[in-house]
Structure formats: C-alpha cells, structure tokens
Amino acid sequence: MLIPAKTVRRRLLAMLTVPVVAILLTACGGGSGAAPEAAASGGSTAALDPSVTLVLYNAQHDTLTKEWVAAFTAKTGVKVEIRQGSDLTMANQLVAEGSASPADVFLTENSPAMSLVENAGLFAPIAPATLAQVPADYVPSTRNWIGIAARSTVLAYNPTMVTESDLPKSIMDLQDPKWKNRYGAAPKGADFQAIVSAMLELKGEAATSAWLTALKNNGQAFSGNSAAMKAVNAGTVASAVIYHYYWYADQAKTKENSSNVKLHFFGNQDPGAFVSVSGGGVLKSSKHPNEAQALVNFITGKEGQTILANGTAFEYSVGQGVASNPALKPLSELGAPAIDESKLNSQKVTQLMTTAGLL
C-alpha cells in the first residue's frame with residue numbers, strides 16, 4: 001500500500017519531536033535552572049555561571065566568611081555579596097522576607113537560627129555530595145542544612161579564685177548557692193541562648209527554668225563572651241560560661257584578656273559540654289540554586305575547612321578528613337552530648353529567659 005507523502009512527513013516529524021523535547025527537559029532540569037547532575041553533586045564548577053552574584057546572609061565571623069568567599073570566587077568566578085548580621089536578626093529577617101528574600105545562602109554561628117528558618121520551610125535540601133563531606137554528628141536529621149564549623153561550651157575560670165577541686169562537675173551545679181556571685185554569662189547573646197537550647201533539649205523545661213532563675217539571682221550578666229572572659233581575667237568574677245574559641249584566639253595573640261584564665265571542659269555528655277554547630281543552608285527561593293549549592297559545598301569541602309583550620313577563628317572544623325587547629329582540645333575528647341541540632345528551640349528559650357528576667 002502506498003503511503004501519501006504528507007503522512008510520511010507527519011510521522012517523521014512526530015518521531016523527531018519526542019527526543020528533542022526529552023533533551024530540552026533534561027537540560028532544563030524540570031525548570032530548576034541547573035542540570036540535575038550538577039545540582040546533585042553540590043554544584044559542579046564546570047556548570048556554574050561566573051556572571052552570577054550570590055547574596056549571602058552571614059552571621060558567621062566576618063573575617064572567616066570573607067576568606068571563604070574570596071577563595072570560592074577565585075576558584076569559580078562566582079561573586080558573592082555578603083550581608084552581615086547576628087544569628088537571630090538574620091534568621092528573623094529571612095522569615096519575614098519569606099519567598100521574596102534576595103538571599104541565596106545563610107550562614108550562622110549557632111544552630112537555633114538555622115532551625116528557625118528551617119521551621120518556616122525556607123530551606124532547600126542540601127545536595128547529597130555536600131552532605132557526604134560532613135559526619136552525621138554535624139548534620140541535622142532533616143538534612144535541610146549542614147554544619148560548617150563547631151564551638152564547645154566551656155567554663156572559663158580564674159585559678160586564683162577557683163581551685164580545680166572546686167570546679168562544678170555539671171553546668172547544672174552552678175545553681176547551687178555556693179556559686180552565688182561567682183559566675184556569669186552573656187544571656188543576650190546567640191551563643192548563650194544556643195547553650196540554653198541544648199539544656200532545654202537534654203534536661204527539659206522545668207530544670208532549664210530553674211537554672212535560668214538561679215542565673216538571674218546568683219550570676220552576673222555581661223554584654224558578650226569577650227566581656228565575660230575579660231571580667232574573669234581581671235578577677236571581677238570567678239568564672240563564666242563562654243565558648244572555647246574566645247580563649248584560644250586571645251592566647252594566640254597577646255594573652256592580655258586571658259593570661260589569668262583557664263578553661264574547664266565539663267565532658268560526660270553534660271549540657272555544659274554542648275558543641276554548637278554553625279550552619280549553612282541554601283534558600284528555597286534562591287534564583288541561583290546551583291551556584292548557591294556550590295558555595296555551601298566549597299565551605300564544607302577540604303578547601304573550605306582547611307581555611308577554617310588554618311585561620312584565626314579557632315572554631316572546630318567539621319569536614320571529613322580535615323583536622324582542626326592543633327591548639328584546640330580534640331572534638332573527640334570533649335564528651336559532648338548527642339543532640340539533633342534541628343530540635344533546638346530558640347523561640348521557647350526566648351520565652352523562658354524572658355520569664356526568668358534575663359531578656
């Protein structure tokens with residue numbers, strides 16, 4: 001049977017259209033703006049657009065982040081505009097902006113700010129290849145953000161005022177009357193509130209409320225961790241709850257604010273041994289998701305974590321195969337409690353601290 005030429009042309013056109021459409025869908029990644037294989041790998045540098053400028057909401061150390069960004073741009077050509085702020089200020093701004101936010105990536109010093117943004121449904125899942133670069137201990141169970149650094153809770157103390165035998169075995173012991181007027185903290189800071197978030201998760205609301213009330217009645221409030229450590233060094237107060245890196249950073253310089261200070265690591269999975277994870281996340285609303293994923297991939301990879309380890313932040317590196325600064329007490333020796341960072345509740349902590357009169 002002879003098939004009309006018109007029919008033959010129609011059938012050939014139909015055969016050619018299917019693969020062309022399939023190729024287009026593959027290249028477009030279903031409208032994501034990046035090839036699926038590039039997005040899944042955490043951002044292949046070969047697939048990145050060097051004309052892009054990412055917007056980074058940054059609550060991490062400014063110097064450290066600038067070092068990360070400079071190295072990332074040198075490697076990829078992708079530029080990054082840094083907008084600096086504090087943990088919860090930036091987190092609340094992201095929640096207020098919602099899907100209209102100009103931010104592509106969010107970096108924090110502590111986990112509660114990440115949880116606040118995550119609970120608002122604003123993060124895109126972190127690429128599997130990026131997740132593989134960091135041990136599970138430093139990744140929330142939701143896998144919507146990832147650890148980029150860590151810091152340990154410690155009790156900074158003046159050895160002329162507190163002997164080793166008198167040091168508290170638990171951070172919870174500071175509510176004992178014998179510690180009245182002998183310790184302090186910086187309750188308005190995101191660092192301290194992260195510690196309280198861990199206490200709430202580990203000990204519950206009643207125990208945390210009692211501890212906060214004791215701090216209000218028996219402790220001394222400082223404007224920040226640096227001020228608290230300076231007071232311990234000067235003998236104004238015998239001890240203070242801070243993060244480890246303040247002491248290490250000062251020791252690496254002049255020691256003028258830490259020469260009379262020692263650190264007590266609580267260990268034993270105590271709330272006072274809490275290791276706070278700094279987070280990195282990609283906003284779901286990012287207009288450049290491939291480049292945004294690539295930035296987080298770089299920070300958590302060997303190059304980014306080596307920049308952290310060799311820098312002056314003295315935070316712990318969390319990337320696979322990258323040792324922290326050798327001056328630090330190893331993470332493996334801290335005896336930190338196991339906590340799912342995504343469960344740290346900054347809003348509840350704020351309520352409890354307000355009730356206790358600390359905020």
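**Glutamate 81.** I looked up what glutamate 81 touches: Thr53, Leu54, Val55 and Leu56, leaving out residues up to four places away in sequence. Contact here means heavy atoms within 4.5 Å. The model is predicted, so local features need pLDDT of at least 70 and side-chain atom pairs count only at pLDDT 80 or more, while totals for chains, interfaces and linings use all residues. Numbering runs from 1 along each chain as its sequence is written, and side-chain values use heavy atoms, without hydrogens and water.

I found glutamate 81 in strand 2. Helices (H or I, at least four residues) and strands (E, at least two) are DSSP runs, numbered from the N terminus. Glutamate 81 counts as partly exposed, at 35% relative accessibility. The cut-offs are under 20% relative accessible area for buried, over 50% for exposed, and partly exposed in between (1.4 Å probe, protein chains only). I also checked valine 69, twelve residues away along the chain: its C-alpha atom is 9.0 Å from that of glutamate 81.

**Strands 1 and 2.** Strand 1 (residues 53-58) pairs with strand 2 (residues 79-84) in the parallel sense, over six bridges. Pairing requires at least two DSSP bridges between the strands. I traced asparagine 58 to its bridge partner in strand 2, glutamine 84.

**Helix 8.** I checked the length of helix 8 (residues 205-218). Its 14 residues should span 20 Å at 1.5 Å a residue, and the end C-alpha atoms are 20 Å apart, which agrees. The expected span is 1.5 Å times one less than the number of residues. I listed the buried residues of helix 8 as Thr208, Trp211, Leu212, Ala214, Leu215 and Asn218. Seen down the helix axis, they fall within an arc of 155°, so they line one face of helix 8. The arc is taken from the directions from the helix axis to the C-beta atoms. These buried residues pack against strand 6 (184-185), helix 7 (190-203), strand 7 (220-221) and helix 13 (346-355).

**Serine 346.** I moved on to serine 346, in helix 13. Serine 346 is buried, with a relative accessible area of 9%. Leaving out residues up to four places away in sequence, I found that serine 346 touches Leu88, Pro112, Leu116 and Ser197.

**Confidence.** I noted a mean pLDDT of 89 for the chain, with 87% of its residues at 70 or more. pLDDT is the predictor's confidence in each residue, from 0 to 100. Over residues 1-44 the pLDDT is below 50. Where pLDDT is low, the predicted coordinates should not be read in detail.
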